[in-house]
Amino acid sequence: MIIGIGGCSRSGKSTLAAWMLQELVKKGHQVRLLAMDDFALPVDQMPLVRGEPDWDHPDAYDWSKMRSQLERVRQEKVTLILEGIFIFYPTEFSSFWDKAIFITLSKVSFLQRRQAETRWGKEPAWYLEHVWEAFAKYGRIGLPADHLELSGESLWEESVLHSLLG
């Protein structure tokens, strides 16, 4: 089974993926967890925004490497959880998703959470706007019609979590 989790930056994708991994392992599943960032191109091959590497563009990722990984996992018959901002972007990947989860988040919450993030230092306002606009432009492309949509504002309510795994 391949589970895709998409949504904007700071919506809760990685946290949900880690929670799902833990819960599925408890139920005896063999599970692998990958992030879209695992498929990022080397920095010198990424597109640029204002002279800086643009991690928030679909061209910053090695989609053929991701396809190979998805094909390999499909043959291994393990559960794979793959999360990322543009995870559904390649429309030709639609046949891989056994479960597609999309986490929504308001722009206000995105900005608050991203501004509170310190691992990259203080990010300029123009860059935060760029991240939001890139997600708005590319984030839903290829999203399967039968996806499960969750709110990043209320994701951690117990009823929401239990509905995910049955």
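Trainee: How many positive and negative side chains does the chain have, and how far apart do the centres of the two sets lie?
Mentor: There are 19 positive and 23 negative side chains, and the two centres lie 3 Å apart. Lys and Arg count as positive, Asp and Glu as negative, with His and the chain ends not counted. Each charge is placed at NZ of Lys, CZ of Arg, CG of Asp or CD of Glu. Bear in mind that this is a predicted model, where local features need pLDDT of at least 70, side-chain atom pairs count only at pLDDT 80 or more, and totals for chains, interfaces and linings use all residues. Residues are numbered from 1 along each chain as its sequence is written, and side-chain values use heavy atoms, leaving out hydrogens and water.

Trainee: What makes a residue count as buried, and what percentage of the chain is buried?
Mentor: Buried means under 20% relative accessible area with a 1.4 Å probe, protein chains only. Buried residues make up 48% of the 166.

Trainee: Which residues touch the most other members of the largest nonpolar core?
Mentor: They are M36, M66, L70, L82, F86 and W97, in a core of 35 residues. Such a core is a set of buried Ala, Val, Leu, Ile, Met, Phe, Trp, Tyr and Cys residues joined through side-chain atoms within 4.5 Å. The helix α4 gives the most to this core, with 6 residues.

Methods: Buried means under 20% relative accessible area, exposed over 50%, partly exposed in between (1.4 Å probe, protein chains only). Helices (H or I, at least four residues) and strands (E, at least two) are DSSP runs, numbered from the N terminus.
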